[in-house]
Amino acid sequence: MRKSTAAVATAFLALPFLPLASAAAAAQTPPMGWSSRTLGCSVSETSVRQAADALAPLAPLGYRYVILDDCWLAAQRTGGALAPDAARFPGGMRALADYVHGKGLKLGLSLSAGTKACSGGGPGSYNTEAADAEQVKGWGADYVKYDWCSVPTADFPGQNVQQIAQTLYPRMRQALGDGVVFAMNNEDGSTVPWLWGKDAAATTWRTNVYNKPIPDAYASMVDIWETNQLRAEYAGRGSWADPDLIQAGRGGMTETEYRTQFTLWAVGAAPLILQADPAKAPPAIVANPKVIAVDQDPLGAHGTFVRTDGWYHVLAKPLENGDRAIVLFNESDRAATISTSLGRSRYRVENLWTGAVASSNGELAAQVPAHAALLYRVSESREQAPPLVTFEADPPAFLGEDRPSVLEPGKSADLVTRVTNTGATGRLRDVEVTAAVPEGWQVSARTPAKKARLDAGETFTVTWAVTPPAAAEPKNYELAFTQGGQSAVAVVTVARPPGPGRTYLSDVAWTSAKNHFGPVEKDTSNGEKAAGDGRPITIEGVRHAKGLGTHAPADIEFYTAGRCSTVEFQAGIDDEVGAAGSADFEVWADGGRVAHSGVLTGAMPARTVTAPIEGARFVRLVATNGGDNATSDHADFADATITCS
């Protein structure tokens, strides 16, 4: 449920007030605030004032900057001076700055180092840096986001883009002076600002290599974060790596994924600039004062890897008082236990998202849900607290298994829970695990669910018999387990393998489907992006009544339970794209490719693909791009069938 601004304000009355610093002092911690980017060129004086009203309750937590991200400038200068768009900002920038300042906030404006602004058609600041800087300071701007658009590289013969940037960016920084936050923004990374941003006195410098803003999607967010981590050595107090805006509240990710982004940005000492309407940004994520304190820690350190193997990450960030922030991040699609050694001492371990406090003699371990990041504050302490407990539900059979366990409707299967006295600072007593399952499901403990005591380092395992209803819909379900105030959730997939004989795969429920444009279509071509807009599957004039219509790259997975022997289909590019498009059609059985078509183009007839899949628990139909542009890769798995026993 959306919370009103008033409700959010009330929630923050109990928080300690943090006095607003000057712009120069604010640069001693990563900037926090809100950007108008989502509004694009619909941004206006009214919408900015509304955003300031919504952001004001968050000011005590550090959210201070209201940033106009392009589209605020008039198309032409007035008497050689910058001017705001009169239709959308009739009151002018000085009045808007006064309004924002009156809310206890600060105003940010975007400018461009080139001849034009990046969006909206306004003028750039090339060769007018000093005058433009004085003008925006005169209006009351406290923050300048300096973009890299329409740069006249021909004016710098013999110089590469980095050398040009090292001339133009410092001009504006020096003209603004230290009292204004200077956010150096080069979205495609061509100026490699991490190599010299600190020397240029940039408050922040963008780190990704995407020539576009951060999308509201988990996979892209993680890619950008990983790129940001490669720049960690160049960041530090007063000059921070900027992986782009906080997405929480926009709707493209889950609550867990938004919390992960906020955690990773905080441990990376990144700017915390909201992109969503501040009234829609979830307070449970963006307003956690203990997490924000990690980001705003005066030491200004960028957290670095303790270890990483591609999917499971441990990061650490030293804090000014000698504590450490530790992140356990599970990038994969299934919950996994991640652990790290804290050293040979006794530690106080606080989970900053839940508030739970425990003690440990040197080991930190937790089952981390898929796509989740857990954030701890760790300090050496003799404080009396319960031992750290690692509570696992349906742990994977091996590290790296990223698929949920599969249960078949109406059939019982065994799942286990494990409780480990990881902290080892004392004995656990009266350990009991309980289970809660969806309505209509059955669950019972096949082994004792209670244990009188659990000594240091000891593990208590319970085996559960779990049965979904015979009519359970094929999809993912959550099974909840609790122990001593802790909870652990097992995500399981209910799926039914194909029946005996030969079955069209378009009549079988898949366990997952990924498609480049729009959804995978059943018994039609891919069509465009909308669901159900496909046409009859047609390859070189031959129509097929059954099949799967995709747009490569595509990946469709089916549960086969080891009971099937053969997959067969006619592979080809659909006639709806003419002679364009190309793709390779593959069949994967569990972890290995067992057949493929080779690259087929829109000018070629269908090719029969037959794949042996004997004994495989999962089968995937995969269409890969043929090496050209993916725009026309409408890949048909025509007449796709599976044969099972």
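Modeller: Ala269 is buried, with a relative accessible area of 1%, where buried means under 20%, exposed over 50% and partly exposed in between, using a 1.4 Å probe and protein chains only. This is a predicted model, in which local features need pLDDT of at least 70 and side-chain atom pairs count only at pLDDT 80 or more, while totals for chains, interfaces and linings use all residues. Residues are numbered from 1 along each chain as its sequence is written, and side-chain values use heavy atoms, without hydrogens and water.

Ala269 sits in the loop between α8 (255-267) and β8 (272-274), helices (H or I, at least four residues) and strands (E, at least two) being DSSP runs numbered from the N terminus. Its phi is positive, near 50°, although most residues other than glycine have a negative phi. Ser150 has a positive phi too, near 55°, but Ser150 is partly exposed, at 37%, and belongs to the loop between β4 and α6.

In α5 (residues 129-139) the buried residues include Asp132, Val136 and Trp139. Seen down the helix axis, the buried residues of α5 fall within an arc of 165°, taken from the directions from axis to C-beta atoms, so they line one face. The face turned away carries the exposed Ala130 and Ala131, and Gly140, with a positive phi near 105°, follows α5.
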